[in-house]
Amino acid sequence: RSLSPPPPPPPYPPPPPPLHHDYRVHSLLHSLQRSKRWWRRLIRAAKRAGYILLISSPLIVAVPAMWLFGDRWPELEDKVWDYLAHIIEKSGPTFIKLAQWAATREDLFPVKVTAKFARLQDRNNPHSWEETEAAIVANLGADWRKKLTAVTEKPIGSGCIAQVHEAEYVVPATGKSTKVAVKVLHPGVLELVEADMDLLKWFVSSLEVIPRVKYLSLGPLVDEFRALLTEQLDMNTEALNLKKLREDFQGHKHVFFPEPFYSTSDILIEQFIDGIPIRTFMTRDTKEKHTEAETDQRLKLSKIGMDAVFSMVFMNNFVHADLHPGNLLVTTAPGEDRPQIAILDAGMAVQLEPTNHVKLLGILMAFVKSEGYKAGKLMCDGQTNLSTEAVHLFCKDIEELVKESHNTTFFDKFGSYVTDICGMACSHRVKLNEQFVTMAMAIKVLEGIALNLNPELELCNEAIPVLLKAQLKSAMPGFYKR
């Protein structure tokens with residue numbers, strides 16, 4: 001009997017090409033994309049650097065002329081500072097944010113400079129209504145006028161990141177119409193900030209070649225500032241920060257934050273605050289006379305402001321990191337003759353890890369107790385690259401600083417303490433925690449505002465009670481309540 005041949009085997013697909021071939025292609029494409037992005041950033045930063053150098057080039061002649069002939073022609077100095085403010089305004093949000101901080105520090109910069117910079121805080125060039133409407137349509141849809149009514153085409157304020165329009169908004173939860181502020185991001189602002197931060201990062205990196213500069217932690221501080229500023233370019237971040245701050249200050253009689261109703265990455269719709277800028281109550285002439293009622297109002301506002309920042313830093317560990325005067329409005333409690341401060345623009349905020357926050361409280365309490373050496377040790381804690389001698393010398397300098405200031409307390413000279421400590425850190429190559437520095441700057445800025453309102457304010461009397469409460473809260477979490 002004959003046997004039939006076995007059936008042929010089923011066809012199999014050809015084997016795949018070697019994996020290493022795909023990997024090499026993918027790796028090459030990835031490298032090309034990274035290289036392309038790097039060159040795009042470099043070209044963009046070079047264009048920004050060229051633009052800034054071009055518009056600031058007249059200062060090369062103007063500044064020496066001001067120093068040489070300023071006494072003979074006082075108006076020349078005024079023109080130079082005007083032009084510097086104009087350059088900053090044209091240079092974009094990164095430079096404006098730095099100038100906003102400088103405007104509150106008359107102890108570090110001439111009064112003529114801070115006066116010129118002060119106008120940058122809420123008077124930046126707005127974009128067109130057509131661009132605003134396009135952003136609203138893109139985020140709320142073509143039928144946006146059913147949700148927003150009575151929108152003012154002319155902005156009521158324009159900052160370096162966004163501008164604000166007044167409107168009426170139908171709250172979905174209640175169906176009722178309420179007065180709101182519509183905050184719209186400036187077109188192209190993200191690209192400007194990225195280019196500026198690249199320039200600043202490369203500039204700081206070149207400076208950190210100098211050993212004395214390296215140990216100031218300028219690089220991480222720039223990274224922290226970049227992260228904060230980038231977060232401010234997302235309106236969703238500001239909405240979340242407002243919700244957190246409103247929760248932290250719930251029930252506070254003198255400080256409040258606007259309620260956010262709706263947000264996307266490009267727009268924010270929030271409660272409209274009808275108030276007076278706190279700058280109206282500030283004076284740059286120490287000889288200016290005030291009525292008794294005005295003096296009392298300024299005294300109350302200075303205490304409210306310092307209580308707010310101390311509560312953020314010590315109690316809540318969540319700090320509004322953009323506390324310049326343009327973001328503070330003075331209002332009156334409904335039905336009461338009680339001043340309140342509304343704090344706006346919460347896009348920038350900083351929060352410490354719980355262990356670092358406990359360390360910060362320990363450092364501040366050591367200063368209050370005049371334990372300078374202990375404060376220095378806590379600042380050095382966790383740094384493995386420091387020699388025992390460097391730590392000892394740094395701590396001894398902090399101890400001497402405290403002893404030399406025995407007639408005053410730490411918080412009464414907070415601004416000068418921060419400056420001195422940074423100098424000591426540089427001398428002994430001690431890297432300061434960049435988030436500590438950010439929080440210290442928040443206190444320092446509010447200190448400038450508070451002392452402008454009331455030069456006789458004793459900051460220590462305001463700080464110590466809040467610091468003690470914070471330590472109690474830290475020692476017994478869940479037990480202490482505001």
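This is a dialogue about reading a predicted model.

Me: What does the secondary structure of the protein chain come to, and what share of its residues is buried?

Reply: The protein chain has 17 helices and 12 strands. Of its 482 residues, buried ones make up 44%. Keep in mind that the model is predicted.

Me: How should I read contacts along the chain, and what percentage of them join residues at least 24 apart?

Reply: Take the contacts in the protein chain between residues at least 6 apart in sequence; 69% of these join residues at least 24 apart.

Me: Which residues touch the most other members of the largest nonpolar core?

Reply: The general idea is that nonpolar side chains tend to be buried together in soluble globular proteins. Here, the largest nonpolar core has 99 residues, and Met-306, Val-309, Phe-314 and Phe-367 touch the most other members. Another core, of 15 residues, lies apart from it, and includes Leu-140, Trp-144, Val-180 and Val-184.

Me: Next, charged pairs. How many salt bridges are there?

Reply: Side chains of opposite charge can pair when their charged atoms come close. In this structure the count comes to 10 salt bridges. One of them joins the side chains of Lys-183 and Asp-345, at 2.7 Å from N to O.

Me: Where in the chain do Lys-183 and Asp-345 lie?

Reply: Lys-183 is in strand β4 (residues 177-185), while Asp-345 is in the loop between β11 (339-343) and β12 (349-350). The two are 162 residues apart, and the pair links distant parts of the chain.

Me: Is Lys-183 buried or exposed? And how does Asp-345 count?

Reply: The cut-off for buried is under 20% relative accessible area. Lys-183 has 6% relative accessibility, so it counts as buried. Asp-345, at 23%, counts as partly exposed.

Me: Which residues are linked with Lys-183 in a network of salt bridges?

Reply: Glu-238 and Asp-345 are linked with Lys-183 in such a network.

Me: What is there to read in the backbone of Asp-345?

Reply: Asp-345 has a positive phi of about 50 degrees, although it is not a glycine. Asn-317 is another residue other than glycine with a positive phi, near 55 degrees. Asn-317 is found in the loop between α11 (292-316) and β9 (319-320). With a relative accessible area of 9%, Asn-317 is buried.

Me: Now helix packing. At what angle do α12 and α13 pack?

Reply: Read the angle together with the distance between the axes. For α12 and α13 the angle is about 160 degrees, and the axes are 8 Å apart. An angle over 145 degrees counts as roughly antiparallel, so α12 is roughly antiparallel to α13. The crossing of α12 past α13 is left-handed.

Me: Which residues make the contact between α12 and α13?

Reply: From α12 they are Lys-359, Gly-362, Ile-363, Ala-366 and Phe-367; from α13 they are Lys-374, Ala-375, Leu-378 and Met-379. Phe-367 was also named among the residues that touch the most other members of the largest nonpolar core.

Me: How do α13 and α14 pack?

Reply: Their angle is about 140 degrees, with axes 7 Å apart. These two helices are therefore oblique to each other. The crossing of α13 past α14 is right-handed. Residues making the contact include Gly-372, Tyr-373 and Gly-376 of α13 and Val-391, Phe-394 and Ile-398 of α14.

Definitions and conventions: Residues numbered from 1 in each chain as written. Predicted model: local features only at pLDDT ≥ 70, side-chain atom pairs only at ≥ 80, totals over all residues. Heavy atoms only, no water. Core = buried A, V, L, I, M, F, W, Y, C linked by side-chain atoms within 4.5 Å. Buried < 20%, exposed > 50% of the residue type's maximum accessible area, 1.4 Å probe, protein only. Salt bridge = Lys/Arg side-chain N within 4 Å of Asp/Glu carboxyl O. Helix = DSSP H or I, 4+ residues; strand = E, 2+ residues; numbered from the N terminus. Axes fitted to C-alpha atoms, helices over the stretch in contact; angles between N-to-C directions. Parallel < 35°, antiparallel > 145°, perpendicular 65-115°, else oblique. Left-handed = near helix turned anticlockwise from the far one by under 90°. Contact = heavy atoms within 4.5 Å.
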